Each structure stands twice: as structure tokens, then as C-alpha cells.
Amino acid sequence: MWVGSGRDQANIIRRLIDESFTPEKNINVRLQLVPESVLLPATFTGKGPDVMMGVGNTTPVNYAMRNAVHDLSTFPDFDVVMSQFKESAILPYRFEGGVYAMPEQHIFPVLFYREDILKEIGVIPADADEAFWQEFTWDDVIDMIPELQRLNLEFYLPIDIVEQQLGGIIPPNLIYVSLLYQQGGSLYTEDGSRTLLQERKAIDTFKMWTDFYTNYRFTIAANFANRFRTGEMPIGIAYYTMYNMLSVFAPEISGQWKFTVIPGTLQADGSVDHTTPATGIGTIILNQSKNKQAAWEYLKWWGSEETQVQFGREMEGIMGAAARYPTANVGALEKLPWPSRDIRVLLEQWDAVRGIPEVPGSYITGRYMDNALRMVVNTGVNPRETLYRYAELINDEIKNKRKEFGLE
Amino acid sequence: MQLSHDKPSREQKRLARKIEFHKNKELYVLMFPYFSLFFVFTVLPVAVSLVLAFTYFNVLEMPTWAGWENYRKLFFEDDVFMVAIKNTVLFAVVTGPIGYFAAFLFAWFVNELKPKIRAVMTLIFYAPSISGGAYIIWRLLFSGDMYGYLNAFLINLGITTEPIQWLQNPTYIPIIIILVQLWMSLGVSFLAFVAGLQSVDRTLYEAAAVDGIKNRWQELWFITLPSMKPQLMFSAVIQITSSLAISEVAMQVAGFPSVENAGHTIVTHLIYHGSIAFELGYASAIATLLFFVMLGSNLLVQKMLRRVGT
Amino acid sequence: MNAAKPRPQKQKSLAKRLMNVIKPANSLNRSVGGDIVLLIVMLVFATFSAYPMVFIISNAFKPFNELFIFPPQLFVRNPTLDNFIDLINLMADSWIPLTRYVFNTLLITVVGTVGHVVLASMAAYPLAKHTFKGSEALSKIIVYSLMFNASVTAIPGYVIMTRLGLIDTYLAIILPAFAFSLGLYLMKNFMVQIPTVYIESAYIDGGNHFQIFWKIVMPLVKPAWLTLTILSFQALWGATGGQYIYDESLKPLSYALSQIAGGGIGRTGVVAAISLFMMTVPVIIFVLSQASIIQTMAHSGIKE
């Protein structure tokens, strides 16, 4: 059994296994702390583990394409177990009808705002509450811009920077995908055989997104935590784990900010849709395991509400709020020490999360989309044509990969 | 060992060969432990990779034979590879020779300093390889953030009003990579040159002064460089190898993958196929190709270096 | 070249006096202007080089609310020892005692270094001073096989390790360490400079190569293998063996410490303290050894 995260996690899991898993199920577990990069050669030579915890979202399907992970949906109690998680968390692990990982962490974006500053300068009403943000749309964002910029303040929309691009895979930008999903669009066709980025909706959304940077002069690269703390960026979108960062890094502003659902899009029926994508971490069972049933027992135990809560509490016990655990288990998240207002908001946004599917070749999607963005922002070319062209390239790559695996 | 003055008889030849082997047997024994390990851990993997270049191998399933397919795709279908070659050649041609000469120049200068200062300077040059955090500085310098050093500088002076996305702009990325690579490449070559310069016999200089060598350029060409030929060769090999294999700098500075592949080099292409795209057979083919190119350039440069001092 | 005769105290230009501080008075003549330019360039480099080191040092003492400041502050404003205290607590609390990790590191480092120096020297001697069947070819094979890109050979290397049954053992780090190329190059380059007459006369006197190697050659190249010991130690100190070692009780200190970073942003301070620690040991050794190596080099001349 391998865990790829860190020393603290391994210590806690080890203890939990000794205290509750092994005594109850009578299964011995050897837990080792090994980075995910070793999984590949180890699996090939047969030295790999039965179970690997802490894998990124692109791994399960990549391994599934190459027959290296076990399809969890073959287990009889699969449906019961998976009901603890949101479908959006499971989606990235689906491939050709099977499910190849169990969600461990599920992280989605929310809107952070400096209540003190925004109310003081009057961009939001003094009595703004949850209801206000429920009705808050991207049009409202645009309306807010002149006032903010007049005071040299900004609204933060995230874009990956160089430091984050060392893993070789860039995910599709989360703001773009949010906008797209809120318009009712999708990244890929139902069967994952090609992208839908050449569709009208996708192209229009791309224009809308790049306009923020070209027309409205949004900052492309910024360290949000720092600027939120100083107040230069009193409002912005980030993964909800930014909460952890702010708690340790900016304790002096602790009462003055909140987070809420991200801006939405007005739908035909008058409601506001706040859909957003998410990222996550999962646990897989390797196909070469000879103890698949036992491994499944472990997965069930590990993913269970009780274990996840214990784990989250222990992490927080050691490192404080900096380590608040973004568990994928819905029941568990509710039991972690979130203030009740925050939990309500999280659950609300969580309902509106829609997963990003992983298809063969999808590693290329985020990359070309980033290229498209850079081209538009650096040289000012037409966003519609640019995205159209890159979508072609993405489709080519996907087709190649599908051919490679006999799916075409 | 008896040497006769007549032409050696067959008996004597055989004896000589036996003694030769016997004498060499000890040498072989001395070398055996090291080389057997070297063979197992360095040569063997290379040999395996050379074979893998002819397979399709996604590291999760057994390799399947693919013949020349990898090479065919590489040469005729891989546009990104062409970009990688173009970038690598650009980076290598600029940073290779310049880096080599700069390392020598600095080593020469440092060599003239008093020993204490020399030790300090050597530490300073060696420091980045221990602390390993050098790229942070460069990324801060060229950060697209308004507070990145260069951007802040330009904005404060009023030269620009918006921060420039240096590392995300294909126009600037190549130049920045070259700059950083030049700076980083001083490391090993510099130390080798310093050691080499130190070991040149001082008496040679004195003799040369007597013989009429007047200025320091003559001294350099006729005395210093020839005495340092081994170091020059060694550093040249290192330089060529690392220039053609530029990847670390490119990845750390421009990201991996880089925007529009502006920082894509042969080795990053290889890494991409080897680890992200699960195509180790293809990556091995790229590595083999690179290997032969390095071989070729090394032989070329060695030919040139043989003429130093003449 | 004669040393400059003592002069009456004249007004030397500031530049010249500056130069005299850092250069010996009897060095070759060169244009002062050129020297100053080079000096400035060197200072710029020095600043650049020193920067990361200063960062590592000051980061280790930063409290949480300073660690994430962007752009990063060079010097810490409210220094604290918390990061080190946390580190000690973390390691003390560990399921495998800290001493075990230290033992692992020492084992790997000492055995690896000794083995490397001895084996590489043994192999360098024949190549340096003798020609025999296959010596040319061998030299070429060494140089060439190192040119081949390492990330591609990593996986075949892993498979070989597995077949040899070395996965999850100390040997997985130690054996390849014996065969580092650095030692071979260094020792060979030094040995080449030994006058052949020593070896020949010893041979004629009836010595075999083992004796020649151990009693004559090695003492003569002392600065080389001292340097090699230092460099080898530094390389092994930082070696994690991450690809091959999974069992917690076999992990060297560097690996165990590096895995603390996986704990997330809550561990940023501890990671900074670790970086400082990991950097300090090789630096101290480097500084100490610089002095002794230069000493040895100055005194053990190879005299005709």
C-alpha cells in the first residue's frame, strides 16, 4: 500500500490503520510512503503496491487505458460506497463504462472577498448577505470593474503561472470552464471522442474570458494571497483551500473576509447558475494486485465518513487550519471544524460542481488552451479564430491517442 | 625479461605475449570491480534503451516491436520535434562556445587572484550547485507579476505601465533561456579550468619569458593552453553534452510545457514522451538520435582542439 | 620574473592599490581598466550566486506570516526558531527513530564514498598510465555512455535493479555510487601527470601493479582523492534513493526530510529549516576542505 503525499499523512494513516482497520477487518497492511512517480516503473516490474493513495486526477484513466488499474464498479457494493461522493468527483475516473478510482479529495473554487473593503468603498451593499451573492452574476462583475479600477483595486481571476507548470500537464483554466459550463456547454462530446471547443458556445465563452484580460485589463499574473491580504485584490476566485493559506498567512485580517459561491450566469428560467469545475485526488487499486478484495475493503474503510473525519481532524490537530482537509466524502466535510455559515456555502457551491472528464489525449487540452490564451493576450489576435485553430490541434491529438488504444 | 638482439623467435613471441598478459592481468583485476558495476548500471541501461527505440512501450504493458516506426514518425511527422531541434540548436550554438570561453576567461582571472580571494570566489561560483535554488531568482526577476523585479523596475521608471509576461511570451522566452543557461553553465567547467590552470608548471612561464615571449596572449596560446589540453578536452566534452541536452534551464524558466513550445528542446521533448505521454519507445529513439549527434560533435571539436598551441 | 623592488612610498592610484589587495604584486602586467571591468562582472555574479543562499538562510527563520510574502523578502523581520523546534518535534515523534535515518545516511555515505574512491582509483590507474588491449575502447565507452540521456535510461535502470533484487536495499544506492563517473575522471586526470619513470623503476625493482598502485601512485595523488572524497560525500549526502527505496527504516535522512514537504503549506516553515540544514553540511565541508586541499596541493608537488 503506497501513499504518495507526505510524512504527516503517512504517520496518521498508519496509526488509523493500526487502530481501526486491521483490528476490525483482520487484514494486515504495509503502508509505505512513496512518491507517485515511482508507481509507473514499479508497476511494470511487478514491485508495485496493491493500492496507491494520493494520485492526481489524470492518473486513473491513463492507467486504465493501459490495463493497469482495476475497475471498481465490478465490486458488488460499489454503488453504495460511491453514494458518499458527488458524481462530479467520480466523473474524472470514468472510462469506457468503468470507474477506476475512488475519490479522496475534491477541491473546487469559491469566491473570496474582503467584506470590509468592499463595503467601505460601496461596491457591494452594506447589507449584502448570502442571498446577494446568490444573485451575483458575471455581468455584476463587469459592472464592478470601473469602480474598483478607479481606486487601483482589482478582481482576481486565476491563471496558472510558470511555477505550477512543471508537472508537464496544464489543466484547462478553471474560470473558462466555469463560464462554459454555466452557458450549458461542455469540453468534450459524450463519448469523449473529440472536443466541443469549436462550438459556438465554447468560442463565445473564450472571447468573454479573454476580454477580461484584453479589454478590462485584468492582471494576468498575481499572487492572490498576498494581494488579498494587502487589499489590492479585495475580491477574487480561488480553490477553497486558499482558506487554509489565509488562516496562517494573514491572521490579522481574519474577521474581515468571507467566501461565497462564484459569480453565476442568469439562466432562461431566471435562476442563476453557479456551476464550476473541480480538481481532486483519488485512490486506485492496481491490476497486478493479488488481493483485490482486501484492497477494496481498505478503500471502503479509507473513504468512509468516519475515517475521513478522523484523518481530517488529526491533520488539523497537528498543523492547525493550514491543514484543513478537502475531503471528497460529503458527510465527512460537514463534520470538520468549519463554521456553520462556511459549511453551508461550501455545500451550496459543491452542489453546483461539475466534473471535467478525462479522455485519451486530454492532457493536451489545457496546454493548447493556455497557448491560445497567451497568443491572444500577448499579441492581440482574434480570440475566436485562435481557439478554433487550437481546437483542431486538440482534436487531432485525441484522435491519435484513441487510435493508439484501438478506440477509433 | 630477456631480450635477444636477433629477431624474436616464435617461442619468444609467445612468451612475450604471455608475459604481457600476465603483467596486464593485474591491471585487469584492478579495473574489474569498477567496470563491472559501471557496465551494469550505466552501459547496460543505454544498451537496453537503444533496443527500446525500436519498440512501442508505454511502461505499463510489455514492449511490442515497432521497427523503424519511431524514427519514421520522428523525422517525417513530428512537427514539435522540429521546433525542439530549432530551439536546441539555437541555444546550443549560442551558449556552448560562449559558455566555454567565459568559463575559461573567469578561471584565468580568478587564477591570478591571491589565494584567499580565489577560495572565496570559487565558493561563490560553486554555491548555486549546492543551494540549488538559483532558478527562483530568475523567475522572480522575470516574473509576469507586477511586483516581479524587472517589471517593477520598468514600471517604476515609467518605461512601461503594464507588467510584461516575460516567461509566457514566446518572443522573450528564448533570449531569457539563453541568458540563464550561460549563467548556469559556468559551474563545472569553471572549476575544471581553475584546477587546470593551477596545475600548469610555473617554470614553463619563466622559461618562456626568457625565450622571448612578450605579451600574455602568446603565453596563453603557446604555454598555458597546451599544458591544459586534457582539461580543455574534458570541459569541451562536458560543454557539448550539456549544451545539446539543455532542458533543466528551459523547464525551470519557461515552464513545462512552455508556451508555444518556445522553450522546448530535444531533451524536454524526450521527457515529454517518456513520462507524460507514456511513450518510452519513442523517447528512446529521440535519445538515441541525440546521442549520435553528441558523438559527432564531440569528435569534431576534439579534432579542432588537437590543433591548439600549434 | 623578479619580484618588484621595494619602492619609495609614492602616491599609487586607488585602482592600483585596490588591485594590489586582491592580486599578488608580482602578477603579470595587464590593463587596469580591463581588470576593473572583470571585477565588476565578478561582483555581479557573486551577488547572483549568493542570493539563493541568503534566501535559504533567512527563510528558515521566518514565521508563517512572512513565509508566503510575494515578492519574497530577502531578510526576515521577526526571526523565530519555531521552524527548527517544529522540525525537531516532528522527527522526535517519528515511528522510525531519527537516529535510524542518520545511521542510514552515514552508512550509505561512508561505504559509498570509500568504495567509490578506492574502486575508481583502482580503475583509473591502468587507464592513466598503461596502454593495453582494450584501453582505448574502454575509455571511449565510458565517455560515450555518459552522454546518453539519463531520463530515458532511468526505466531500464529500474528494471535492472529489480532483476538484481536490489530494490529496497542499501545496495541500490551504494553500488551505483561505486561506479560514479566523477571519480574515474578526476583520478585519471591526476594520475596521468605522474612521471612514468616512477612506475617503471618500481616495476623493474620487482613490484607488481597492486603494490605500485597502493604504495606509489595513491600517495602521489593525495589531493585528488581527498577532493574526490569530499565531492563524493556531498553527492551521497543529498542522495535520496527515492526511486528504489520504499521501506521506511532504510531511508536516508535526506529522503525522510524531503517527504515532510508533502504535509502541505502547514509544513512550509519546517521545509525551510530542512533546506538550511541540508545545505549547511556540504557547505561547511566544502569550506573546511578548501583550505586543506590547497595546502596539500601546495606541498605535495610532483618533483622530478
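These legends accompany close-up views of a predicted model.

**View 1. Welcome to an open sheet in chain A.** Five strands take part here, in the order β2-β1-β3-β13-β6 of chain A, and their pairing is mixed. Strands β2 (32–33) and β6 (102–107) of chain A stand at the edges, each with a single partner strand, so one side of each has no neighbour in the sheet. As background, the strands of a sheet pair through backbone hydrogen bonds, either parallel or antiparallel.

**View 2. A closer look at β1 and β2 of chain A.** Strand β1 of chain A covers residues 2–3 and runs parallel to β2(A), with 2 bridges joining them. Look for A:Trp2, which stands opposite A:Gln32 in β2(A).

View 3. Helix α13 of chain A, residues 292–303, touches β3 (51–56), β6 and β13 (279–285) of chain A. The direction of this helix makes about 150 degrees with that of β13(A).

**View 4. Getting to know chain C.** This chain has 14 helices and 0 strands. Of its 304 residues, 37% count as buried. Among contacts in chain C between residues at least 6 apart in sequence, 71% join residues at least 24 apart.

**View 5. Where chain C meets chain B.** The contact takes 61 residues from chain C and 63 residues from chain B. Several elements of chain C give two or more residues to the side that touches chain B, including α5 (98–129), α7 (150–163) and α14 (268–299). Helix α2(C) gives the most to that side, with 11 residues. By class, the side of chain C that touches chain B has 47 nonpolar, 12 polar and 2 charged residues.

Notes. Residues numbered from 1 in each chain as written. Chains lettered and ligands numbered in written order. Predicted model: local features only at pLDDT ≥ 70, side-chain atom pairs only at ≥ 80, totals over all residues. Pairing = 2+ DSSP bridges. Helix = DSSP H or I, 4+ residues; strand = E, 2+ residues; numbered from the N terminus. Contact = placed C-beta atoms within 7 Å. Axes fitted to C-alpha atoms, helices over the stretch in contact; angles between N-to-C directions. Nonpolar A, V, L, I, M, F, W, Y, C, P; charged D, E, K, R; others polar. Buried ≥ 20, exposed ≤ 12 C-beta atoms within 10 Å, placed from the backbone.
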